[in-house]
Amino acid sequence: MSGPHPATAAARRAVRDTLNQADIGAGSRLLLAVSGGSDSMALAAAALFVSRHDGLLIDTITVDHGLRPESVDEARAVAAQLENMGVSRAHVARVNGADATATAGPEGTARAARYAAIAHQAQEGTAAVLLGHTADDQAETVLLGLARGSGARSIRGMLPIGPLPEYPGIRALRPLLGMRRADLRAGLTSAGIAWWDDPTNEPTSPWRAKDGTQLRRSAVRSHALRALEEDLGSGVVKNLARTAQLLQADDEALTSWATREREGLGREPDIKKLRGLPAAVRTRILRALALEAGARAGELVGWHIDHLDELVTGPGGARGIDLPGVRAVQSGGRITFEGLGLDRSRNDENGKGRDGRD
């Protein structure tokens, strides 16, 4: 009897290695986010194999964004398949992924609703959430960050072990970041495991960006990455994922440096001391100070930090800038933060848009 497909074996090793790195052992309960696509189904299959050998409990959540009439039945079918594969509890959550009142755009709105549903399900007795992001997803994230003119915190991509986006109290694991989607699909086919291809991810989908163009990540996936592979070779995706991995190490070092410096500065740091620090360290400190003062993390972006840094490096005198939720002021040689009664940051700087750097 032949062994498992090489990609299947690699996925199992990746899951076990990530769980070991996260110090998750026997008896722990995990929540897998499973859309029914090939990536998440490969994750489910690998995690279930590991769980049977290592004594783990596996629950899943499938989020139905409600974007198509048939999506509710598809989500239920995914849950039924997962239960047949051995999942302890297969949950289905229905969210409004097409909220017409949202300002984040269709991709951002669906993402926020999805993570809210996952976080809600994970709050009780869950050691970690497992997400099925692959090297392909990581490469897309790096390209999108580069296109926005982002800094290292964005271009470093997704962490293999880190907080669930917008929910710092919940750990998220991404065991498959080093694997290609095509390899995972070959493993699923070999094992006879079916998956669903979501038509909303296709270039021809009627689900569009606010300006009517193709969704950004879908465009990168269907056009940009394929063009790069044609021109630069098939190693582009793994090389972009490698770039993210290298930047993660650099960002971790700079953040650690900034944290040490931050401890000696107090809540109202001296501008002269801040000026003496490298910009990469100083801006990390300023971002941390703004968040501690109550700035909204999801809205605090690159141009906010740039203008906040100008309060440190620019001329003296009383000056300030409105941030999402707080106002930063330079006065008496120090930077202070004040709460905003009304959020004026949306109209600040004559309506300048975000540059995406976070």
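Reply: A charge sits over a ring if NZ of Lys or CZ of Arg is within 6 Å of the ring centre and within 35 degrees of the ring normal. Arg114 lies over the face of Tyr115, at 5.7 Å from the ring centre. This is a predicted model, in which local features need pLDDT of at least 70, side-chain atom pairs count only at pLDDT 80 or more, and totals for chains, interfaces and linings use all residues. Residues are numbered from 1 along each chain as its sequence is written, and side-chain values use heavy atoms, with hydrogens and water left out.

Me: Which ring does Arg12 lie over, and at what distance from the ring centre?
Reply: Arg12 is over the face of Phe49, 3.6 Å from the ring centre.

Me: Why does Asp23 count as exposed?
Reply: Buried means under 20% relative accessible area, exposed over 50%, and partly exposed in between (1.4 Å probe, protein chains only). Asp23 has 70% relative accessibility, so it counts as exposed. Asp23 is in the loop between H1 and S1; helices (H or I, at least four residues) and strands (E, at least two) are DSSP runs, numbered from the N terminus. Phi of Asp23 is near 60°, a positive value in a residue other than glycine.

Me: Why does Glu166 count as exposed?
Reply: Glu166 is exposed because its relative accessibility is 57%. Its place is the loop between strand S5 (161-164) and strand S6 (167-173). Phi of Glu166 is also positive, near 75°, in a residue other than glycine.

Me: Is Leu131 buried or exposed, and why?
Reply: Leu131 counts as buried, because its relative accessibility is 4%. Leu131 lies in the loop between S4 and H5. Its C-alpha atom is separated by 9.4 Å from that of Pro160, 29 residues apart along the chain.

Me: Why is Arg275 called partly exposed?
Reply: The relative accessible area of Arg275 is 40%, so the residue is partly exposed. Arg275 belongs to helix H10 (residues 271-275).

Me: What makes the largest nonpolar core a core?
Reply: A nonpolar core is a set of buried Ala, Val, Leu, Ile, Met, Phe, Trp, Tyr and Cys residues joined through side-chain atoms within 4.5 Å. The largest has 32 residues, and those with the most contacts inside it are Leu19, Ile24, Leu30, Leu32 and Leu82. H2 gives the most to this core, with eight residues.

Me: Which residues lie nearest the centre of the second largest pocket?
Reply: Pro160, Pro175, Leu177, Gly178 and Gln245, among 17 lining residues. On a 1 Å grid over the protein atoms alone, a pocket is an open set of points where a 1.4 Å probe fits, with protein on both sides within 12 Å along at least five of seven lines; lining residues have an atom within 4 Å of a point. H9 gives the most to this lining, with five residues.
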